[in-house]
Amino acid sequence: MTALATVAPSDREAGAAGPPLIVAAKLLRWLRFASLLIAMGTLYGLALPLLMANTAVYTSLPRQVWAFCLLTAVALVAGCLIAVDRLAGWPRWVLLAAVAAASGLATTGIRADHLTAEAEWSYGVIGWFAMVLLLDRGRAAAAFLVAHTVVSFAQAALLGQDVVGMVVVAAIVLGCQSPVLAGALALRRIADDVAAARRAREEVRTAEAVAERLHESRLARYADLAGTTVPLLERLTDGSADLSDARVRADYTAEAAKLRRLFAENDDVPDPLLHELEACVDLAQRRGIAVYLGTCGEWVTPPLAVRRALIEPVVWAASAATAARVTVIGSAEGVTVSVVADAPADVAPQAEAPVAVTRMVDGTRVWVEAAWRR
């Protein structure tokens, strides 16, 4: 939709943007057809009779015929492209170059003393063809009309011809073409205003959707905490928690790691999985535990539920007694998180779909691996 600032929307683009833009696109398309009909009417109704009636004053009649045929070909090709809504990109500029070439052929194939007379049939035609090709690019169309007029006057002045008659003709021709160009510019302004209003509306909807998702996420986090964290806090406040028990302390440490993981989930980072792992590892390090975190390979970001299941071994390792080693191995097929720690084996995480968990116990050390495959 931002392209509306420079290029008018096609029917297909406008269809995705809403009824107002569809109307604007169709109006511009019909305005283009109308300009093409005017150009063809001017070419065959006015220019052709002048060409046939003044063959004697042309220094090169073949040039005049080539210019006329070239404009006819441009009209036919432009009409086909407008019909299929494809008059954009390089075809437009190729056709515009052909129009400029036709103008050059016509004005260089006539005697100098007839350059400002009616025998010079191309001046009133060229502008209409430029309008057909550049109607959706108002500034470019206006620039072409001005440039064409300036070049025509300069050519006549350099050849020593009286340009007073051309002033009248230029005023008449530009007076007919300017309202059409103004109408196209008005349609573009309408399309721009509609696009801006639609973007503002979409931004509001996006903001509302984001706020709703954040609210749902907060409710979901609160539900998670209500079942685990709240009971621990209640036992801590009423004094029923025995903090001298290593198992109880491990429960509180694991719950603190879950909280840090939940907080880290809201951060906007390139690699959410590694960021959330580091949040849990940081807690263990603050307890004085020697923790090593190593990574190998690259991986796509797993969904939130999968990340939580992959991080569970690290949450459990936060309650390690002295040391823990965390390794993350990733590839395009999935991610594996493995932990070796001297933490209670009976509270190590269990398998949770779609993550497969493997455990091995060797004395006081426990190895836990959580693997996810796409």
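The model is predicted. Helix α5 is mostly covered. The aromatic rings form three pairs.

**Helix α5**
- Helix α5 runs over residues 123-134 and has twelve residues.
- From its first C-alpha to its last, α5 reaches 17 Å, close to the expected 16 Å at 1.5 Å a residue.
- Eleven of the twelve residues of α5 are buried.
- Among the buried residues are Y123, W128 and F129.
- The buried set of α5 also includes V125, I126, G127, A130 and M131.
- V132, L133 and L134 are buried in α5 as well.

**Aromatic pairs**
- The count comes to three aromatic pairs.
- W30 and F33 have ring centres 5.6 Å apart and planes at 45°, so this pair is tilted.
- W30 and F33 lie three residues apart in helix α2 (residues 19-53), so about one helical turn separates them.
- An α-helix has 3.6 residues a turn, so residues three or four places apart point the same way.
- W30 is exposed, with a relative accessible area of 60%.
- F33 is partly exposed, and its relative accessible area is 21%.

- One aromatic cluster is formed by Y44, F68 and W121.

Notes: Residues numbered from 1 in each chain as written. Predicted model: local features only at pLDDT ≥ 70, side-chain atom pairs only at ≥ 80, totals over all residues. Heavy atoms only, no water. Helix = DSSP H or I, 4+ residues; strand = E, 2+ residues; numbered from the N terminus. Expected span 1.5 Å × (residues − 1). Buried < 20%, exposed > 50% of the residue type's maximum accessible area, 1.4 Å probe, protein only. Phe/Tyr/Trp six-rings, centres within 6.5 Å; stacked < 30°, edge-to-face > 60°.
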